[in-house]
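The structure is shown first, and the description follows.

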Amino acid sequence: MRREWEARIDSVAAQFVLGEAATVAPAAEALAWMRQEAGREGWEEIARLAARIAERMASSPQWHTEGALAEGLDKLRRAVEAATAGDAPAAGKPPNELAQDPGLVGDFILETREHLISIENDLLTLDREPSQPEALHSIFRSFHTVKGLAGFLEFDAVRSLAHEVETILDLARNQQLAITATVIDVVLESADYLKQEMNRLEAGLAGAAAGEAAAVDALIVRVQSLNRTSVAAPQPVLAAPPEAVTDAVTGTATEAVTGAVPEAAPAAAPATPEPSPAAPGAQPPAAAPAAVQASAEKFSVRVDTQKLDHLLDMVGEMVIAQSMVRQDPELAGLRSPRVTRNLTQLSRVTDEVQKTAMAMRMMPVGQLFHRVARLVRDLSRKMNKPAGLELSGEDTQIDKTIVEELADPMMHMVRNSLDHGIEPVAARLAAGKSESARISLRATHQAGHILIEIEDDGRGLDRDKILAKARGRGLVGEGHTPSDNEVYNLIFEPGFSTAAAVTDVSGRGVGMDVVRRQVAKLRGRIDIHSEPGKGTVFQLKLPLTLAIIDGLVVGVGGERYIVPIFAVQEMFRPTPGMLSSVKGQGEMAMVRNRLLPVVRLHNRFSVTPRTQEASESLFVVAETGGRRFCLMVDEFIGKQEVVIKSLGEGMKNIPGVAGGAILGDGRVGLILDLEGVYGEHTLA
Amino acid sequence: MTATVSDNKATAGQATDHRSGKYLAFHLGNEEFGIQVMKVREIMGVQDITAVPHTPHHTKGVINLRGKVIPVIDLRVKFGLEEVPYTQRTCIIVVQVKGDHASTLQMGIVVDGVSEVLNLTAADVEDTPDFGTGVETRGLLGMAKLKGKVKILLDIDHVLTAHDLTSLQEALR
């Protein structure tokens, strides 16, 4: 009995969740059944609610976006629960099987996270331009969807929080509540709570003991309190029908305003969700632009990364097979223009396929920027330094992994800019600058790399202060006058901070160290330009993708190795005069008036080289971790872009080997990890 | 010289003994071995193997298996037999074994040659005799007597666990 009721209500609720794709028919059918059944049982309240909802759905084409309807449905659910309480099992409600399904919960987490990202973006837009109905509608829709999904899976804390926020947003949509910073704060906080909750659910899925849901009640109360102030505020008055006030399901003032529709007499019904006649005409018709935007949105497909990687593997193989066919001497011997033409076409197509496959791993850098936007907002408030953020190049595509790995360094750099770079308001005004500071984030493509710049208009780096501090710590010797660049790079030293006091924002000297390490891990580099009094620019130069590496293919004996090109300074054949040895063991070479250690790759990797004689070999000058050394190899074979592959389980963390790559002839070449190759040298 | 045998899933009834079923027979010197066909992905002729430094001696290196890089183990070295140069008959059997954390990984094993696919019934299989100390029997499923010859049935998961590789690697450092 109760089950049957629940099933019907869920089927109606499902239509709300479907949003644009919803249809009236199944919901209407379920409601009709409820009305009839309730009439038979003598549950007048339920019959009345069901009738009201059905009527409302039939009369408004935009019913699925109406919070009030969804709320009416909630009320119906509660009434049904109360009415059928008799035949529910004594132990309470049965365990929800849906919430146990890892697939469903996983999808829920994924989808909610996507909504949370867009919620945060839209909130920040709204913070800048409070009169942005589109952003508001979009936030409302996202919360609504999350609520529906959470209700479906019976995550009650999530559902009720989303519900309260939705109520607030609905008020704002109807111009009964002004979007103030407080409102945005509370909504942001709610989004944060949901984020935490998603992490907790995910941990639960991964098999970790899922703790209890964090206390949500306090937050709900705060959300509700916004609501009460709104009712008290002199807003366009909406006469709450007396019937609704007495209808004390939850007993809060909230219900009186937003919950009115389903209960209210039909005459009062059109008042709330549609732009109320009392509201200024400035409010555009809400639904129309929303629909246009939705249809303009790109469709996307979620794909398992494993499948994607497999596709990339196969494409790589196809390119190799293609080049093997093209270079086949027998085919070349044919000298047939037709074959040549077709082969050219084939290679063009394979190139295109490879490019497309690679692009699938890419995503716009904008998501990263928006996270920074949130940080700037929070920090500028906290530190009392008003700051505006300018973004450009948000659509620049970059490897998904890089976006993820870059989040931390970006946070640290922006935090650094706000804390150290930007002056307090008084100092800014004294320096003739605008009160509000400006931070800009820019992303551009530059010759096969992506360039991300973080610029502030603060006081710039204090060369003397940094130098003094560095001298104090013995990082720079007395009498040595380093270049600007060298000085600026000191701020990346571990534990280096010029901040006089450690705050909870920065000053421990940890952040920038993390930045440099992370950027190096991503095979990127970081440059600083700074002008005293004008501001600082951090420039991050990163590869477009981590999956591909530009490499020098070198040979030692029969083996071939790939040296990452970003670390290579130069390459030459040494003359006997350049070489010297230390205590008959350590070899050194004089390169451009610098003594560099020589590392024989064949010794490191125990392979038999073509020659033991240094003057018959080839030296590759490589730089890693700020140190240079000469790598001795037999020969230089060529330069090639290769796809990095893992050597598989059991072959990870081999010193000196970063991975494998399929070379042009289909063989596997090992990619060198120069740090490892050199590091071993120092141990030896 | 590449043949896929993964389709030949062992269909023989497993009700009597989990060890009955189809086996791929191969040999190393004079000894005949069998591994469960279910574990075999494909058989390929020996090809260029890229040596990987700092790995145990029996790890010959890595090969390109249609775009994937997989490790290759020389079973002769692994079993402590004398190393011989590779010939026309030398094969790499690509097997799928259990890795850490319930994952599976592919590996190649170099053998002197493959002979046939055997269909073994429970009656053909005997437990591994106890050799006393000094003989490692953990990687063995049992023995099969067929046409007067004994074939050693390998539990390939045990023979080639990644764990074994990593532990050796750590020991080398």
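## Six-stranded sheet of chain B

Two strands count as paired if DSSP finds at least two bridges between them. On that basis, in this predicted model, six strands of chain B form an open sheet of mixed pairing, in the order E9-E2-E3-E12-E11-E10. Strand E9 (113-120) and strand E10 (125-126) of chain B are the edge strands, each pairing on one side only.

Within this sheet, strand E11 (residues 140-146) and strand E12 (residues 149-154) of chain B are joined by six bridges in the antiparallel sense. B:Leu146 has B:Lys149 in E12(B) as its bridge partner.

## Five-stranded sheet of chain A

In chain A, five strands make up an open sheet, ordered E16-E8-E9-E18-E17, and the pairing is again mixed. Strand E16 (635-643) and strand E17 (657-662) of chain A each have a single partner strand, so one side of each lacks a neighbour in the sheet. Neighbouring strands of this sheet are turned against each other by 35° on average, direction ignored.

## Contact between the chains

Between the chains, 22 residues of chain B are in contact with 26 residues of chain A. On the chain B side, strand E5 (59-65), strand E6 (68-74) and helix H3 (162-172) are the elements that give two or more residues. E6(B) gives the most, with four residues. By residue class, the chain B side comprises eleven nonpolar, seven polar and four charged residues.

Terms used: Residues are numbered from 1 along each chain as its sequence is written. Chains are lettered from A and ligands numbered from 1 in the order in which they are written. This is a predicted model: local features need pLDDT of at least 70, side-chain atom pairs count only at pLDDT 80 or more; totals for chains, interfaces and linings use all residues. Axes are lines fitted to C-alpha atoms, for helices over the stretch in contact, and angles run from 0 to 180 degrees between N-to-C directions. Two residues are in contact if their C-beta atoms, placed from the backbone, lie within 7 Å. Ala, Val, Leu, Ile, Met, Phe, Trp, Tyr, Cys and Pro count as nonpolar, Asp, Glu, Lys and Arg as charged, and the others, Gly among them, as polar.
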